[in-house]
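I opened the model to go through it piece by piece and keep notes. The entries below follow the order in which I looked things up.

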Amino acid sequence: MLLTATALAACTTPTRQPDTSSSPTPGTRGAAGVGDPYYPDDGNGGYDVTGYDVAIKYDPATQRLDGDTTVTATAAEALSQFNLDLTGMDVSSVEVDGTPAKFARTGAHELVITPAATITHGGTFRTRVTYAGTPQSTKDPVLGVNGWQKATSGGAYVAGEPHSASDWFPVNDHPSDKATFRLTAAVPDGWSVISNGREEPPHSEAGWTTFTWVESTRIAPYLTTVGIDHWTFERSTYNGIPLVSAYAPGAEDKKTIEARLPEVLDFLSAEFGPYPQDAAGGIFINEDIGFSLETQTRPIYAKWTTLDVIVHEQAHQWFGDTVSLNRWSDVCLNECFASYAEVLWAEAKNHTNIDDVYRKAVTKADDKFWNRKLVDMGPGNEFTAVYDKGQLALHALRHELGDDKFHTLLTTWIATHHDTTATWSDFETLVNTTAGHPITPFLNAWFHQASKPADQFLYPGTLHK
Ligand SMILES: [Zn+2]
């Protein structure tokens, strides 16, 4: 994610909704939240999703969405009841393994499902939910409008963090549960659909065209997207994988910067290791929203997007998308690195003297700049310091380790944790291993402390004042 300069910092603390439902059969009730202290109701306990098969029919004229989603999951315990996350929408039926199940709606986005029979521990089960309604966006104090949004063309798109998937399909809406994602979307003839992964041929019937997109690399729910518009598509390949970019009416001028995507991916691959996705591209909307987002394989770009933003969102394909968060308190694992990728790009391509830029930034920074934590910054504060202070912290870390070890650190991090999730603590362990000795005071000063690091940490190694 990359914010506009005008995004304002604020803080909200969601509250947990009491679970008042009762358990009718032996077995455990899966928790209503996956356990993220920042967003206690996000995600759910008791199972691990392996795949989403999302089918929607959407009419831009009425903004009505009809959904039929099947969630395949493995039970982590014997389950008499479990939750999915779904915001709004009228649910008409729920089936578990083909048998009708009881369901109820509680809290902001809980769909509480009671299957006819207890699901056995370790068993794979399929939950099919049919639903309909007008998907709603949410308003985030920092990011602005978030989630399912109506496009100025009359179409629609989804972009949102820390949660957005539950606006349009039932989901275990937390990045710690990655799963494959298949979307089948029917829209009136003349409209088209872009999403994550690889496309299958569309087909038309009775005035509706159905588009299919398949993301076979496991994806965190907030990195899924759908865009319904009068897209201009550009198709090519990158190292043998499909490269598909889509431009909304009015965003066609972005083709010039997106043409450099192969160069960007080559550059990032040299820095971080091989491109970790099996499709590539971008989604260029003609909307002045508060952020661009690293939706997997195909970031979604606001109209103010520049080449630097493409570098940032594509860097997330490594940092955030293939290595995903366990907890939102660790979002520096995504944003500090994607932001530092812009620095690496400027250094390599524009021959910017990064040390000079760093010294100027440190001199200019005031208490307000330093008094923000990069790790465990508190809910609502995730998307603030990780961009600017995050860049400085990683540049200092690079000098603390030296270029060779810093490069080893980044490539080892991705190679070790790709296609799964990791924590900030895991990262610090790897930093210390790579350094050859613990550099805990340095890490504390930069990442855990809400004040200006001492000079020894501000100017490590060859980085003189
Ligand atoms: Zn970002």
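**Entry 1: a bent helix**

I began with helix 7, which has a kink of about 30 degrees centred on glutamine 391. The model is a predicted one, and I read every entry below with that in mind.

I then checked the length of helix 7, which runs over residues 385-401. The expected span is 1.5 Å times one less than the number of residues, so the 17 residues of helix 7 should span 24 Å. I found the end C-alpha atoms 22 Å apart, which agrees.

Is helix 7 mostly covered or mostly uncovered? I found it mostly covered, with 14 of its 17 residues buried. Just after helix 7, I noted that glycine 402 takes a positive phi of about 95 degrees.

I picked leucine 397 next and listed what it touches, leaving out residues up to four places away in sequence. The list is Phe406, Leu409, Phe427, Val431, Ile439 and Phe442.

I then looked up the largest nonpolar core, which has 146 residues. Leu397 is among those with the most contacts inside this core, along with Tyr131, Trp168, Trp446 and Phe447. Which helix gives the most to this core? I found that it is helix 4 (residues 332-349), with 11 residues. Domain 1 and domain 2 both give residues to the core, so the core lies between them.

**Entry 2: the two domains**

For the bounds I took the domain assignment of the protein chain, which gives domain 1 as 2-7 + 24-321 and domain 2 as 324-458. I noted that the C-alpha centres of the two domains lie 28 Å apart. At the contact between them I counted 40 residues of domain 1 against 34 residues of domain 2.

Are histidine 312 and histidine 316 buried or exposed? I found both of them buried.

**Entry 3: helix 3**

I finished with helix 3 (residues 307-315), which is mostly covered, with 8 of its 9 residues buried.

Definitions and conventions
Residues numbered from 1 in each chain as written. Predicted model: local features only at pLDDT ≥ 70, side-chain atom pairs only at ≥ 80, totals over all residues. Heavy atoms only, no water. Core = buried A, V, L, I, M, F, W, Y, C linked by side-chain atoms within 4.5 Å. Buried < 20%, exposed > 50% of the residue type's maximum accessible area, 1.4 Å probe, protein only. Helix = DSSP H or I, 4+ residues; strand = E, 2+ residues; numbered from the N terminus. Domains from an automatic or database assignment. Contact = heavy atoms within 4.5 Å. Bend = angle between axes of the 7 residues up to and from the residue.
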